Amino acid sequence: MPKIMPTKLELYDNSTSRWLFNDREQRALRHVDYNVQELISSACVSVGATGCTEMIKIAEGSFNKVFRLTFNNDQTAIARIPSTRMFGSGVSWATASEVATLHAMRNVVKLRVPKVLAWAKDATNPVSSPYIILEDIAGVPLHHEWTLPETRGEPVRKMVRAVCNIMAGAAYLPYARLGGLYFREDFPSQPQAPLLPEAFARRFSDFEASSTVGPIANLLWWRPFHDEPGFNRGPWDNIEECIRSAIALERRAVQRHREDPSSLCFTRSKIEDLDEIERLLSKVEAMARRIDVVFSTMKHPGWSTHGNIVHPDLRANNLIVPPRTEDNIESRLAKPVVIDWQGTSILPFPFQARIPHVVAFEPTIVYPDGTPWISINGNVVSPLPDIELSPEQQVVTEAECRRAHR
């Protein structure tokens, strides 16, 4: 074992969060059992080391525990363990799809993403859990730099252009079906179906031969009360099939909540909300019948039949930039490495198009009633409140102003 190790709580449980309600149940959902020594051994093999000297927990959320491992050959790697209970029966699909997506983004469309060093999609391995070992990118998350005085003007413009290029690169390829991206070996007994339209398949023949579209890996399709096997989670030939599958899954979830109303404690709904949810689902079902017709009248009718990949969460903490030096203050934001492709879907672009979180201003300082101190109306930034601020408050407020004026 490494000389420096996380505590038992850090290894297996959510050690950084608490919940105002159902705290014990929420933490139990995020508890993961796995063989730590076997995870370290797998990581050692992936980087050609004979031992690990340090293992530190560097991040965690509802869905993953993330560790940085340092080895006796001076290399480092990132190990990620998914919170299997949060994914339900979809954890294997989520892991396999993310690895295939990273491979495609790195080797086919040539985006800057971490290299996968080792992985397993289910618990039938010595680690006894799905896991991914990733290249450790030298740099810092962009959100650590986002409030610095020099992070404005030209560096920010370069970063925005880089984000646009990332979105364009990820969405470049049109896929013949909708769902999630996988390696063909994940479906050894399935007939070989087209991955790309014919013109793209000829150009990217190796990618066509090695990859396929399978079930959607987005957690929404596998979350608690939506994780029963047997439902159609893709691949789909068109968006109408996808919408109808989502409706069927939601109706089954409503049925399960009616059978056990106490299960609603894990949601934001009450028993009296279920009728309204079912009425809304009926309206969505009626819309699904017409949506292909609407799409066919658009300037790009292929959007209704072809899917695209869009990063599911382009925010500052998922962009890694080089450490700041005197020589790279302006240039370092121009080529970020994009991490966390978990849950990436292949869907028509209009169903995924959004302003990336990283370029949208979201106020972080608010009055007690929730009104933001600083807001943007069009291109006009509201003035600061006319109150006296402490030195510490001034630092935070000035950083907020810089973000608003970008």
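Colleague: Which backbone atom lies 2.9 Å from a polar atom of the side chain of Asp23?

Modeller: In this predicted model, that atom is the backbone nitrogen of Trp19.

Colleague: And where does Asp23 lie?

Modeller: Asp23 lies in helix H2, which covers residues 23–29.

Colleague: Is Asp23 buried or exposed, and why?

Modeller: Asp23 counts as buried because its relative accessibility is 18%, and buried means under 20%.

Colleague: Turning to the sheet, what is the order of its strands?

Modeller: The order is S1-S2-S3-S5-S4 in an open sheet of five strands, and the pairing is antiparallel.

Colleague: Which strands stand at the edges?

Modeller: Strand S1 (52–60) and strand S4 (116–120) do; each has a single partner strand, so one side of each has no neighbour in the sheet. From one strand to the next, the twist averages 20 degrees.

Colleague: How many bridges join S4 to strand S5?

Modeller: Four bridges join S4 to S5 (residues 131–135), and the two run antiparallel. As one of the pairs, Ala118 has Ile133 in S5 as its bridge partner.

Colleague: Now helix H5: what span should its 17 residues have?

Modeller: At 1.5 Å a residue, helix H5 (residues 91–107) should span 24 Å, and this agrees with its end C-alpha atoms, which are 24 Å apart.

Colleague: How many of the residues of H5 are buried?

Modeller: H5 is mostly covered, with 12 of its 17 residues buried.

Colleague: Which residues in H5 are buried?

Modeller: Among them are Val91, Glu98, Val99, Leu102 and Met105. Thr95, Ser97 and Thr101 in H5 are also buried.

How values were computed:
Residues numbered from 1 in each chain as written. Predicted model: local features only at pLDDT ≥ 70, side-chain atom pairs only at ≥ 80, totals over all residues. Heavy atoms only, no water. Buried < 20%, exposed > 50% of the residue type's maximum accessible area, 1.4 Å probe, protein only. Polar contact = N/O pair within 3.5 Å; in protein donor to acceptor, adjacent residues only side chain to side chain. Pairing = 2+ DSSP bridges. Axes fitted to C-alpha atoms, helices over the stretch in contact; angles between N-to-C directions. Expected span 1.5 Å × (residues − 1).
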